[in-house]
Amino acid sequence: MTEHLDGNVLAGPLSELFRDDMTTAIGRCAHCGDVSVLATALVYDAAPGWCVRCHACGDVLMTLVWAGDRLRIDLRGVTALEVGD
Amino acid sequence: MVGAWLVGTVAETRKETSTGRSILLDVPDWPGNIAGQHVDVRLTAPDGYQATRSYSVASAGDGSRVQLAVDRLPTGEVSPYLVDDLMTGDLLEVRGPLGGWFVWKPEQTAPVQLIAGGSGVVPLVAMLRSHGASGSTAPMQLLYSVRAPHDRFFADELETLGNVTYAYTRAVPAGWPSPPGRLTKDALAAATLPASESPAVFVCGPTGFVEAVATWLVELGHEPGAVKTERFGG
């Protein structure tokens, strides 16, 4: 699969780590400063994990990697995450 | 807890198209779901290898019955098993309901335009069902882009669920007024609620379809924030 998906697909994997639904969380891109819900991010399959890119500038927001039964999330491109109604 | 894996039992499967079918699951611990949400399905091979994919839920509301609809992707790891091999009585691991963004709730009163490409119609069927079951008076209509008449998911039910317009890309029914072809910006504009009515728009389908439609919608004057998208791939 070479085409990207979007942040909706991260709802399950991110529920491993976060209590709230993270597809509705708002994140700020460290590269361009865009502030958007995570559902709109571009998600590239990078088995065994995903590379998540900013929908505005394309820079990497985060990566998720499965190492056996452990999930490692690298948040290098996200300078803020906000959850709540 | 959202992240917990649940075990469902296949109650019924139904052929929907030549490459797709719907699957009714009994999931005893299912908490109910909002229209538009999805589940992750996890398959485990005898050697322990696991593959997980997301599938939209076609059902909405309370109860422990969950309906999925799956199209077989020729190179897929999970969909061929779900479409060709899974049988009534089999057990299936699911996690969900997932996702709180690409959803429609009956308390939403704005007009709604649903736009589906292929099996992207599944979460939008959940929205039409929820709309009908709740007695919502918000206008809701669907534009369904699909290869041919026999490729329509939930074809009979869509006839009764209300306002559906079809855009056929490969083959049309006898007597159809226009030849088959890919959806265009003009055809999109003619078949959907105008931006002046400020509809909530939900677009679901393959990545290329979703990106083209979302771009056209914004060019047609829709607020980017009013257009929600969900892409699926292989």
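**Figure 1. A salt bridge between B:Glu159 and B:Arg152.** In this predicted model, B:Glu159 forms a salt bridge with B:Arg152, and the closest N and O atoms of the pair are 3.6 Å apart. Elsewhere, salt bridges that share partners join A:Asp6, B:Glu211 and B:Arg231 into one network. Over all chains, the count comes to 15 salt bridges.

**Figure 2. Two further salt bridges, one in each chain.** In chain B, B:Glu16 forms a salt bridge with B:Arg14, with 3.4 Å between the closest N and O atoms; here B:Glu16 is buried, with a relative accessible area of 15%, while B:Arg14 counts as partly exposed at 39%. In chain A, the side chains of A:Asp74 and A:Arg76 meet in a salt bridge with an N to O distance of 2.7 Å. A:Asp74 is partly exposed, with a relative accessible area of 24%, and A:Arg76 is exposed, with a value of 63%.

**Figure 3. The interface of chain B and chain A.** Contacts across this interface involve 22 residues of chain B and 18 residues of chain A, and the two chains bury about 1400 Å² between them, 54% of it on carbon and sulfur atoms. The interface holds 2 salt bridges, and the side chains of A:Asp6 and B:Arg231 meet in a salt bridge at 3.1 Å, N to O. Between the two chains there are 8 residue pairs in polar contact, with both residues at pLDDT 80 or more. On the side of chain B that touches chain A, at least two residues each come from strand E3 (38–44), strand E6 (91–98), helix H5 (207–219) and strand E11 (227–232) of chain B. Of these, E11(B) gives the most, with 4 residues. The residues of this side of chain B divide into 7 nonpolar, 10 polar and 5 charged.

Figure 4. Just after H2(B), B:Gly135 takes a positive phi of about 70°.

Figure 5. Most residues other than glycine have a negative phi, and most peptide bonds are trans. Another cis peptide bond joins B:Gly96 and B:Pro97, where omega is about 0°, and B:Pro97 is found in strand E6 of chain B. B:Phe154, although not a glycine, has a positive phi of about 55°; this residue lies in the loop between strand E8 (140–146) and helix H3 (155–161) of chain B, and counts as buried at 3% relative accessibility. B:Ser198 likewise has a positive phi, near 50°, and is found in the loop between helix H4 (185–191) and strand E10 (200–206) of chain B, where B:Ser198 is exposed, with a relative accessible area of 54%.

Methods. Residues numbered from 1 in each chain as written. Chains lettered and ligands numbered in written order. Heavy atoms only, no water. Salt bridge = Lys/Arg side-chain N within 4 Å of Asp/Glu carboxyl O. Buried < 20%, exposed > 50% of the residue type's maximum accessible area, 1.4 Å probe, protein only. Contact = heavy atoms within 4.5 Å. Buried area = accessible area lost by both parts, 1.4 Å probe. Polar contact = N/O pair within 3.5 Å; in protein donor to acceptor, adjacent residues only side chain to side chain. Nonpolar A, V, L, I, M, F, W, Y, C, P; charged D, E, K, R; others polar.
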